[in-house]
Every structure is written in C-alpha cells, then in structure tokens.
Amino acid sequence: MAQFTMLDGATTIGGTKLLFEASTSPNTTRLLFDFGLSYTTMGAYFEEFLTPRTSAGLTDYLTTGLLPKLRFYRSDLTALLQEMQPELARQLADPGHIDACFITHAHVDHTGSISFLDEIIPLYATPVTAAILSAVEESQFSAGPENSVTDFILRPNLGSNKHGQRTLHELTAPVTFPDCRVTAYPVDHSIPGACAYLIEYDGGTVVYTGDLRFHGRMGHVTRETITALAGLHPDTVIIEGTNLRPDHQEEPMEPAFRRRCAFWSEQEVEQKALEEATKATGLILADFGMKDLDRLMTFQRVARATGRNLGIVPRDAFIVQRAQQAGYPTIDLNDPSVVLYVKRGGSGMYDKGDIKQDWARSPLLRFAGTDPDSLDAQGRRDAVEDVLNGSCPRIVRAAEVSAHQSAYLLSLGYWDIQELCDLRPGPGSLYIHSSAEAFNEEMHWSQERLARWLNLAGMDSIHIHASGHAPQEDLFRIVEELASTHVYPIHTEHPERYVEQFGSLATLLANGQIAQLHN
Ligand SMILES: [Zn+2]
Ligand SMILES: [Zn+2]
C-alpha cells in the first residue's frame, strides 16, 4: 500500500510540497514532488523589510510553517539548528530516507524551498526546467539561503563563503527506483519546461499534474499528455485548481490599469496587443513574467508586425539563451530587431566596471557581435569595454530609446519602473501589463504604486493577459478523461469545487494529512 503526504500547498496557490512513499515499510522508496515557497505563509508573517533571518538558518522558516517539521534539511542548517534551537530540532520528525525530489517546473512556488533540502537528495527536472533553474541561480543578485538550487553557501558563514552542492539531474527517460518508477510528461504552462509526473508503484499508478493549461502556445503538448495518460488508466490523480472560483465571486479589487482584457488563448493576447500597439505612436513597455518565454515570443511578433525593435534586458537574454540551448523553441536572439536594453550601472555611467558578474558579459558581447564562448573570463571582461559606449546598434540605452520612442517595444516592468525618469515617454506611449492581476493586498499596493508612476509619466495603460492555468471546465475535463477513482485537489483556494463536481471521487486534504493509495 502506497501513500502520499500533502506536506504543504493543499489549499493555497503554490508552496507545493508532496511526499510519496511507495509502501509503508521503513526501507521503502520515498520521493518528494516539488518543494516550493508558500507566498501565502510568507505574506502572513513577513514583508519586504521583515524577512526570515538568514543568520537564524531554519529557525524562522520552521517556526512559521514555511518549512514542514521534518528531518530532511541541509546538514549545515541542521547542525546550526541543533545548536541554536535544540528544542525545535527535537520536534522534527524523521520521515526516513528520501530518494529524490522531482520538480514540475521552475516557478518559485514549486522550487523556492529546495535550497533548504538535505544536499544528498538528488533533484530531477526536465532539461529545460534544469536550464532555467541554473540560469536564474547563476544570474541572481543575492545568493540568500532560500534561492540556491544547486550551489549554496554553508552556514554559519564566517566570511569564508564555503559552498555546498546539490545534484540536479536532467530527465530524459523514466527513473526507476526499487519500489516505483517515475515518468515525466510535458505540459504547457506560463514557463517553458513544465511537466506532469506519472508514478507507477506495485499495484497502482498516480498522476501529479503540476501546473498546466491547454490554451498557451504549447497547448497541444498538454493535450497529447492527457491522452497518453488516459490510456494508462491512472488510479489516482493529484490535480491543480488555481482557476477554480466559488459561484458567487467577491468583487475583484479595483484595477490599477485603465482597460482590462483577460483572454483564454495566447493568440487572443497577441491579437489584442497588436491592435493596441498599432495605435500607439510613442514608446511601448510590455510587462510580463521574466521566465514566460512564450509571452516574450508574443511580444516579439507584435514588435515585428509594428516595425519596432524588441528591447530586452541582459538577464532575460541570458535565460532565453539557456532555454534555447536546452531545446526550447523561443525568440531568435540573432534577429537584428531584437536589441539589448542596458541600464545605468552603480557608477551612474555605462561602465564596464559596473558589470561584475561573468554571466552578464555574455549577452552584451553576443549582441555586439562577438561570440562570448570564444573568450575566457578575462577576455570577456576586457571585451566588454567598448560595447557600452553607444556604438553597437543592438545595444541601446535610455537616451537612444527616448529619442526614437516609436521604434521600440521594451520588455520592462514594475521592478524597472524608475527607468521612466530617463525614458521620458512622450504622447501616445503605452504600458501593457501582461501578467496575473493582483490577487492579494500586497500585489494590489504594488499595482497602485505602478499606476501612480504611469500617471506621472502620462502613459496610457492596459492589462492584456491569458492565465498560466487551465480554466475550471478544462480541469474537470482532465479528471473525466483520466477517469481515476481517486482525485486529490491541490494548489487551489477552492478544492471544494472538485467535490461538488465529482462527489466522493474527490478527497480534500489538509496540510500534513496522509492519503493512503490502495492497490
Ligand atoms: Zn504553481
Ligand atoms: Zn507555475
């Protein structure tokens, strides 16, 4: 008899952490599926300047429930906990040996707590997810204890910056363990590389959907996966429910944008964005998730159709390139109409001394026409010197964009909004917000702040978006097609919708609860 424990994320959107055990024997195979950060718990106890103390290791995370009280964390953090908080350390239950952690996709609500896991637990992800995770890790500006997937700084850090490592395997075939077998099935989501998992154990099968939809650019992939899985007649499905809503939805929060258009296909997003971009006579800014490379492609098509250059920042170019190397079809960085938008560095100038990390030099050199891989690190450092002086047509600064506003569509968002001071958008400029609407107070405050900036700049704004998640009718259709006898909703604030639709087939679980999977 197999079982799984809903460690976290039962009735919240994200924070997903599942523990699967192939039997109840002590030596059984134990697998984790996702180990995300719960934004709900984080927001309940912390905010921007009130964060879990890095110096306290696991303490704040365990105390507030951001991490489950189990004994499977990094050896350095476990030792620190035993010294700092012996009582709390004693409360951690031993789940037994964990054989692996499988990741569905590279969103933080599924991966943001991996940094704490015992370094001996191997990670598995699709090649594209692995590429995005390592590109994001390599290009992040602060290596806090919570955002290191494969490489982490050992604590306590007494100034020596000693590193620990964790292995991340790329899934290219099913992984077989003594008591079960795990196979990844690709799905479409608002990030490349997402997958669902099929777990086959002695006497049964489970499907965990991860986050998915049919209406994105890669929707056909989800369709093929559901058809293939339905043919295997899985006994149990653990399914997301992000877009489930109660019948009587409370009024949405007052929107920060002048016009709002929500669609259920990427084609409609493209069509509407094109219609708006055609009317805009000034600068266009498009704001969407940095890792949503399908949306990036949408805006590249809009830019091309309206005769504009698409401007992206170096970090986006770095992630695009890594995903492309891992086999994901995304925008062509060699297209001359794709340009790199560079911001002023810490010096206040555009100076090579401001570019301190090696990863940031590669996109600069690539856009300047030099192959960064043909140089060593020192060579890249020297070669960057001349590319920031405004002489490379594919590397643009605020002054160039400001002087030729109708020639650009910049992929720039809330976190770069101060650039408006330098860009000085003229009449006919447009801000396209193209990611999820505010669904909590903090996001709402951010959008109000954004609205004030747009007001200052005199910029028109519009919200054009299609959700990264399937709507209710598609989710219900998945359950019908898979025809499983047990349905466990997760990643939703309204799991009861599944019970209303499927009656006793659906079981609601609370965090920490165990579901027995019968043979
Ligand atoms: Zn999620
Ligand atoms: Zn997601």
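**Figure 1. Packing of helix α6 against helix α10 in the predicted model.** The axes of α6 and α10 (residues 314–325) come within 8 Å and cross at roughly 155°; axes are lines fitted to C-alpha atoms, for helices over the stretch in contact, and angles run from 0 to 180 degrees between N-to-C directions. That makes α6 roughly antiparallel to α10, given that angles under 35 degrees count as roughly parallel, over 145 as roughly antiparallel, 65 to 115 as roughly perpendicular and the rest as oblique. The crossing of α6 past α10 is right-handed; the term applies if the near helix is turned clockwise from the far one by less than a right angle, and left-handed if anticlockwise. On the α6 side the contact is made by Val128, Ala131, Ile132, Ala135 and Val136, and on the α10 side by Phe318, Ile319, Arg322, Ala323 and Gln325. Two residues are in contact if their C-beta atoms, placed from the backbone, lie within 7 Å. These contact residues of α6 and α10 divide into 8 nonpolar, 1 polar and 1 charged, where Ala, Val, Leu, Ile, Met, Phe, Trp, Tyr, Cys and Pro count as nonpolar, Asp, Glu, Lys and Arg as charged, and the others, Gly among them, as polar. Helices (H or I, at least four residues) and strands (E, at least two) are DSSP runs, numbered from the N terminus. This is a predicted model, in which local features need pLDDT of at least 70 and side-chain atom pairs count only at pLDDT 80 or more, while totals for chains, interfaces and linings use all residues. Residues are numbered from 1 along each chain as its sequence is written, and chains are lettered from A and ligands numbered from 1 in the order in which they are written.

Figure 2. The assignment for the protein chain gives domain 1 as 2–243 + 469–517 and domain 2 as 259–344 + 397–466; the bounds come from an automatic or database domain assignment. Their C-alpha centres lie 31 Å apart. In the contact, 18 residues of domain 1 meet 21 residues of domain 2. Helix α6 gives the most to the domain 1 side, with 6 residues. By class, that side of domain 1 has 11 nonpolar, 6 polar and 1 charged residues.

**Figure 3. The open sheet of 7 strands.** The strand order is β8-β5-β4-β3-β2-β1-β23, and the pairing is mixed; two strands pair if DSSP finds at least two bridges between them. Strands β8 (168–170) and β23 (514–517) stand at the edges, each with a single partner strand, so one side of each is left without a neighbour in the sheet. From one strand to the next the twist averages 25°. Strand β5 (residues 123–125) runs parallel to β8 and is joined to β8 by 3 bridges. Leu123 has Leu168 of β8 as its bridge partner. Helix α6 (residues 127–138) packs on this sheet, touching β5 and β8, and its direction makes about 145° with that of β8.

Figure 4. The order here is β14-β21-β20-β15-β19-β16-β17-β18, with parallel pairing. Strands β14 (259–263) and β18 (395–396) are the edge strands, each pairing on one side only. Within the sheet, β16 (residues 309–312) and β17 (residues 338–341) pair in the parallel sense over 3 bridges, with Gly311 opposite Val339 of β17. Helix α9 (residues 293–305) lies across β15 (284–287), β16, β17 and β19 (408–411), and runs at about 170° to β19.

**Figure 5. Packing of helix α8 against helix α9.** Helix α8 (residues 266–279) packs with α9 at an angle of about 35°, their axes 9 Å apart. The crossing is right-handed. Glu266, Val269, Glu270, Ala273, Leu274 and Ala277 of α8 meet Asp294, Thr298, Phe299, Arg301, Val302 and Ala305 of α9. By class, this contact of α8 with α9 has 7 nonpolar, 1 polar and 4 charged residues.

**Figure 6. Packing of helix α10 against helix α11.** The axes of α10 and α11 (residues 358–367) come within 9 Å and cross at roughly 85°; the two helices α10 and α11 are therefore roughly perpendicular to each other. Pro314, Ala317 and Phe318 of α10 make the contact with Trp359, Ala360, Ser362, Pro363 and Leu364 of α11.
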